[in-house]
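Here is a short tour of one protein structure, meant to be read with the model open beside you. Take it one heading at a time and find each residue as you go.

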Amino acid sequence: MEIKSVGVVGAGQMGNGIAHVMALSGYKVRLNDVRQEALDDALALITKNLDRQVSREKISQTDRDGALGRISTTMDMAAIGDSDLVIEAATEREEVKHKIFESLAPHLRPETILTSNTSSISITRLASRTDRPEKFMGFHFMNPVPVMQLVELIRGIATDVDTYDACLAVVNKLGKTAASAEDFPAFIVNRVLIPMINEAVYTLYEGVGNVKSIDMAMKLGANHPMGPLELADFIGLDTCLAIMNVLHDGLADTKYRPCPLLTKYVEAGWLGRKTQRGFYDYRGDEPVPTR
């Protein structure tokens, strides 16, 4: 089927980015969240980011206005039910995703494709909680969505060819590149990236180096654009911990044991940039390492 309309569930960091790129590429977008404040904030951020693209001459004013005109927001789950494609972009907690799919089920058309932006959770298991496992797959965008070029497409055991082809066509229309990943914990990108971040936290935990030296070592010694602890703050330490737990539980290998220091930061509510404190303190003019 040809995708013309897209429903996005979750107006947070990933959801608003997905809505942005979809609308800019010509899709009619309905953005859903349980809080009106989240929807208002998302629309304001999308507007700000589109304005930045205009100022940098990456898009025209007409493109910007057209994209904003194609986005509507709603707190009513039923309002996105007639979309051709629905992308769940809620928090990385499986029980939350299950509740969303159960709420969506009565409102979806039989031909609607249902997807999840999960960064680690089993697509086959999520699909089994829906009424359309053949039309369900993983649609994993990278953060920040308007900037990053990769999208991981993950088929569950029941995903049919037509569903995969339709989602691949969307990725191509967005001007992004698709990587096909098998349905194993954390897929490709996070299977490699998050254990590296976890090892950096262990390096800090064991006193091998402090925050500043670990990040500087990887930026200057491995030519990484961001240090691993800085990147963890950008991703969200709660998300990093959730993915490590999925890897540890799903693969039953002790090498994926989350570092106790990562757990401690999450328990303290120091989740990174979104809470203004993580491995760095962002409350001042410049980020300051917290260890």
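## Cysteines without bridges

Let's start with a search of the whole structure for disulfides, meaning pairs of cysteine sulfur atoms within 2.5 Å: it turns up zero. Take Cys240 as an example: its sulfur sits 12 Å from the closest cysteine sulfur, the one in Cys259, and that's too far for a bond.

Cys240 is also buried, at a relative accessible area of 1%. Buried here means under 20% relative accessible area, exposed means over 50%, and partly exposed is in between (1.4 Å probe, protein chains only). Cys167 is buried too, with a relative accessible area of 1%.

## What kind of model this is

Keep in mind that this is a predicted model, where local features need pLDDT of at least 70 and side-chain atom pairs count only at pLDDT 80 or more, while totals for chains, interfaces and linings use all residues. Residues are numbered from 1 along each chain as its sequence is written, and side-chain values use heavy atoms, with hydrogens and water left out.

Helices (H or I, at least four residues) and strands (E, at least two) are DSSP runs, numbered from the N terminus. Strand S1 covers residues 5-9, and five of the five are buried, so the strand is largely enclosed by the rest of the structure. Both of its faces are covered: Ser5, Gly7 and Val9 are buried on one side, and Val6 and Val8 on the other.

Who does S1 pair with? Strand S2 (residues 28-32) is one partner, in the parallel sense over five bridges; two strands pair if DSSP finds at least two bridges between them. In this pairing, Gly7 stands opposite Arg30. To get from S1 to S2, the chain goes through helix H1 (residues 13-24), and this β-α-β crossover is right-handed. That means that, with the strands pointing away from the viewer, the path from the first strand over the helix to the second runs clockwise.

S1 also pairs with strand S4 (residues 85-88), again in the parallel sense, over four bridges. Here Gly7 stands opposite Val86.

## Glu88, tucked inside

Is Glu88 buried or exposed? Glu88, which is in strand S4, is buried, with a relative accessible area of 0%. Its side chain makes a polar contact with the side chain of Ser116 at 2.5 Å. A polar contact is a pair of N or O atoms within 3.5 Å; within protein, one must be able to donate a hydrogen and the other to accept it, and residues adjacent in sequence count only if both atoms are side-chain atoms.

Leaving aside neighbours within four places in sequence, Glu88 is in contact (heavy atoms within 4.5 Å) with several residues, including Val9, Lys97 and Phe101.

## Helix H7

Helix H7 (residues 189-205) has several buried residues, among them Ile194, Pro195 and Tyr202. The buried residues of H7 pack against strand S6 and helices H8, H9, H10 and H11. Just after H7, Gly207 has a positive phi of about 80°.

The peptide bond from Asn143 to Pro144 is cis, with omega near 0°. Pro144 sits in the loop between S6 and strand S7.

Asn223 isn't a glycine, yet it has a positive phi of about 60°. You'll find Asn223 in the loop between H8 and H9, and it counts as exposed at 69% relative accessibility. Gln276 has a positive phi as well, near 75°, and is partly exposed at 36%.
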